[in-house]
Amino acid sequence: MSNSHLFLKSGFPRAPLQNGLGRYVCQLQRITLKFCKNNGSSRGMRDFIENHLLDFAKENPGIVVYVKPRRHRTPVLVGEYLNGDREWLSCRNSTQEEISKWIDLLKTQNGSSSSLRLRKMWHTDVPSIQGPWTPFLLRSPEAQDQKYPSEESSKPLDIPQTATEKLIELFRQQQLEAGESANEVLSKKRAE
C-alpha cells in the first residue's frame with residue numbers, strides 16, 4: 001500500500017443514526033453557490049441561478065441556499081452537512097444540467113464519505129488470499145443454462161427417497177443386470 005492514503009481522513013463506515021426510521025432527514029444543511037458575474041467559466045452557474053434556483057429552494061425548504069458572487073474566480077459549489085463535513089466541488093465550464101446533477105448528488109449524500117479512508121478493527125501481517133465470497137462461487141456450471149422458474153432447482157435437496165422411488169430404482173437395476181446377463185449369453189454364443 002502506498003503512502004498516499006495517509007493524507008485522507010480516516011474513519012469507520014457510518015450512517016446517520018436511525019435516519020429514515022420515522023422520517024427522513026436530509027443531511028445537507030446548507031449549500032453555497034459561488035460564481036463570477038462576468039467570467040465565461042461561470043456561465044452554467046449563472047444560468048442555473050436564473051432558471052432553476054428558485055424551484056430548488058421551494059422543493060427543498062430544509063436546505064439553506066447562499067449565493068455568493070466573487071470577481072474573477074471559478075464557480076464553486078460548497079455543501080455543508082449536519083455532521084460538520086464540507087464538500088467542495090469546482091463547477092468550471094459546467095452546464096446548468098451538470099450543476100443541477102451535482103446539487104442532487106450533494107443533497108443525497110451525508111458528507112464527504114467518498115474521500116474517507118476506511119479503517120478496520122483488526123490488523124494482520126499475513127493478509128488472506130482467499131478472495132471475496134460471491135453468491136455464484138459454489139454453483140454448478142449447469143445452473144447457468146437453466147430457465148427460471150425451474151421445477152428442478154426449486155426442490156429441496158435433503159428430502160429422503162420415497163418407497164415408490166426406491167422400488168423404481170431397484171426395478172431399473174434389475175433390468176440393467178438382466179440386460180447385461182443377456183448380452184453375456186449372446187456374446188458367448190457368438191464366440192462358439
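1. His 72 sits in the loop between β3 (64-69) and β4 (76-81); helices (H or I, at least four residues) and strands (E, at least two) are DSSP runs, numbered from the N terminus. His 72 has a positive phi of about 55° although it is not a glycine. With a relative accessible area of 64%, His 72 is exposed (over 50%; buried is under 20%, partly exposed in between, with a 1.4 Å probe and protein chains only).

2. A word on the source: this is a predicted model, where local features need pLDDT of at least 70, side-chain atom pairs count only at pLDDT 80 or more, and totals for chains, interfaces and linings use all residues. Residues are numbered from 1 along each chain as its sequence is written, and side-chain values use heavy atoms, leaving out hydrogens and water.

3. Have a look at Asn 93 too, in the loop between β5 (86-90) and α3 (96-108). Asn 93 also has a positive phi of about 55° without being a glycine, and it is exposed at 56% relative accessible area. For background, most residues other than glycine have a negative phi, and most peptide bonds are trans.

4. The peptide bond from Tyr 148 to Pro 149 is cis, with omega near 5°. Pro 149 belongs to the loop between β6 and α4.

5. Thr 32, in strand β2 (residues 28-35), counts as buried because its relative accessibility is 9%. Beyond its neighbours within four places in sequence, Thr 32 has contacts (heavy atoms within 4.5 Å) with residues including Tyr 66, Lys 68, Val 76 and Glu 80.
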